[in-house]
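I opened my notebook for a look through this model. These are the entries, in the order in which I made them.

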Amino acid sequence: MRVLLQFPGRGVAAWREALAAALPEATIETWPDLRTATSDRAVDRPDYALVWKPPPELFTAAPPARAVFNLGAGVDALVAVPTLPRDVPVIRLEDAGMAAPMAEYVVLAVLAAHRESRAYAAAQREARWTPQPRRAPKDFGVGLLGLGVLGRAAAAALSPFGFPLHGWSRSPRAVPGVTCHAGAAELPAFLARSRMLVCLLPSTAETRGLLDRARLALLPVGAEVVNAGRGDLIVDADLLALLDDGHLGGATLDVFRDEPLPPMHPFWHHPRVTITPHVSAVTDIESSVAQVAAKIRRLERGEPVSGVVDVARGY
Ligand code: NDP
Ligand code: OXD
C-alpha cells in the first residue's frame, strides 16, 4: 500500500514518523519530495493521500486511488482545491484529540464572561474596588452554533455549571441537556437566548458571513461571542461596530479571516477582544494518525468509515 503524506512546513517529519509506526505495512512518500524525485515523470497513483491545505498540483501529479484524508477537522481549505479528486471519498478527522481541548477553551471563555473577568481586569488597571452583582447561571444562556463533534463536547463540558444550553445545527439534533434548534428559521430565537454565543461551525457557502450585523444584533445586550470555528463566519466590521456601540460586551476569537491576524487589524488592540492564535484545539498527531490508520485498515477490508465529507455541502 502506498501513502502520500503532505503537511506544510517542517511538521511533516513528525507525521511521517507516527504514520510509519502506526502503519508499518505502508510505503510512505512525502510531498513535495515525491514531485522533486520524479520530476516530470508520471507518478504511480498512491492509494491514499493524507493532506493539510495541499497545493492543487499534488492531486494533478499524484491523485490517490482509494481516499483523501484531511489532517484536520475543518475541510474548508481542502474542498476549495479545484483539483480535489471526485472519484474517491474525502475523510476528515473526528475529534482525534481536539474535542477535550476545545471544550476547555469554551468553558474558560464562558466562565470568564459569566464571572465578569473583563470588568474586573479593567477595574484592577485603575485600582478600583468594584464588586459586580452576582449573576445566576440560570440567567446566562449559552448558545452553541454547531452541534457536531466539537459543539457536543463543549455542551457536555458546560453541563455541570447550570447555564441554560441552546444549540443550533443544520439538521434537527437531540443532545442531552441542550435545547436544540435547527435551520435558518430557528436562528433568530436561538440568538435571542444566547447571552454567550459559541461558534463551532464549519466554513461553508451557507455559513460564511453568517454572523453579520443584523444577526449579531439579535443577541441580548451585553452578550459575548466566542469564535473557534473559522474566521469568515463573522463579518469583522459588524462585530466591531456592535462592540463599539455597546450592544456586545466582548469577543474571544481564536480564528480569523487572515491568519496570522495582520498586525494592523483593529481586533488586536480592542479593549474587549481577546485573541488566541488558532490554538483552541491543536491537532494531536498521535491520535490523528491512529484514527487515520484505523480507517485505512477498515477501507482495506472493504468496511465503511465515518467522517466522510459531503464535498458539495462543504463539511
Ligand atoms: P462537525 O462536522 O462534527 O459539526 C459541524 C456542525 O455544524 C454540525 O452540527 C452541523 O449541522 C453544523 N452546521 C454546518 N452547516 C450548518 C448550517 N448551514 N446551519 C446550521 N448548522 C450547520 O464539525 P466539528 O464539530 O468536528 O468541527 C467544527 C469546526 O470547528 C470545523 O469545521 C473547523 O472549522 C473548526 N475547528 C477549529 C479548530 C481550532 O483550533 N480553532 C480545531 C478543529 C476544528 P448538522 O449537525 O445538522 O450536520
Ligand atoms: C482543524 C483546525 O480544522 O485545526 O482541524 O482548525
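**Ligand 2.** I began with the side chain of His 278, where a polar atom lies 2.7 Å from an oxygen atom of ligand 2. For me a polar contact is a pair of N or O atoms within 3.5 Å; within protein, one must be able to donate a hydrogen and the other to accept it, and residues adjacent in sequence count only if both atoms are side-chain atoms. The protein buries 88% of the 210 Å² that ligand 2 exposes when taken alone. Those accessible areas come from the Shrake-Rupley method with a 1.4 Å probe; for residues, only the protein chains shown count as cover.

I then looked up two further contacts of ligand 2. An N or O atom in the side chain of Arg 230 is 2.8 Å from an oxygen atom of the ligand, and a polar backbone atom of Ala 73 is 2.7 Å from an oxygen atom of ligand 2. Around ligand 2 I noted Trp 52, Gly 72, Ala 73, Gly 74, Met 98, Arg 230, His 278 and Thr 283; a residue is near a molecule or strand if one of its heavy atoms lies within 4 Å of it. By class, this shell has 3 nonpolar, 4 polar and 1 charged residues. Here Ala, Val, Leu, Ile, Met, Phe, Trp, Tyr, Cys and Pro count as nonpolar, Asp, Glu, Lys and Arg as charged, and the others, Gly among them, as polar.

**Ground rules.** I reminded myself that this is a predicted model, where local features need pLDDT of at least 70 and side-chain atom pairs count only at pLDDT 80 or more, while totals for chains, interfaces and linings use all residues. Residues are numbered from 1 along each chain as its sequence is written, chains are lettered from A and ligands numbered from 1 in the order in which they are written, and side-chain values use heavy atoms, with hydrogens and water left out.

**Ligand 1.** Which residues are the closest to ligand 1? I found Arg 92, Ser 171, Arg 173, Glu 206 and Tyr 315, out of 29 residues that surround the ligand. The shell around ligand 1 divides into 14 nonpolar, 9 polar and 6 charged residues. Helix 7 (149–158) and strand 7 (165–169) each supply at least two residues of this shell; helices (H or I, at least four residues) and strands (E, at least two) are DSSP runs, numbered from the N terminus.

For contacts, I noted an N or O atom in the side chain of Arg 92 at 2.9 Å from an oxygen atom of ligand 1, and an N or O atom in the side chain of Arg 173 at 2.7 Å from an oxygen atom of ligand 1. A polar backbone atom of Leu 147 is 2.9 Å from an oxygen atom of ligand 1. On its own ligand 1 has 940 Å² of accessible area, and the protein covers 94% of that.

I found 1 cavity of 30 Å³ or more, and about 50 Å³ of space lies in the largest cavity. On a 1 Å grid over the protein atoms alone, a cavity is a set of points where a 1.4 Å probe fits but cannot get out, and a pocket is an open set with protein on both sides within 12 Å along at least five of seven lines; lining residues have an atom within 4 Å of a point. Grid points are joined across faces, edges and corners, and a volume is the space filled by probe spheres set on the points. Among the residues that line the largest cavity are Asn 227, Asp 236, Arg 257 and Phe 267.

The second largest pocket has a volume of about 390 Å³. Of its 19 lining residues, Ser 117, Arg 118, Thr 252, Val 273 and Thr 274 are the closest to its centre.

I traced an open sheet of 5 strands in the order 2-1-3-4-5, with parallel pairing. Strand 2 (27–30) and strand 5 (90–91) stand at the edges with a single partner strand each, so one side of each has no neighbour in the sheet. Two strands pair if DSSP finds at least two bridges between them.

**Backbone.** A cis peptide bond joins Trp 31 and Pro 32, with omega about 15°. Another cis peptide bond joins Glu 259 and Pro 260, with omega about -5°.
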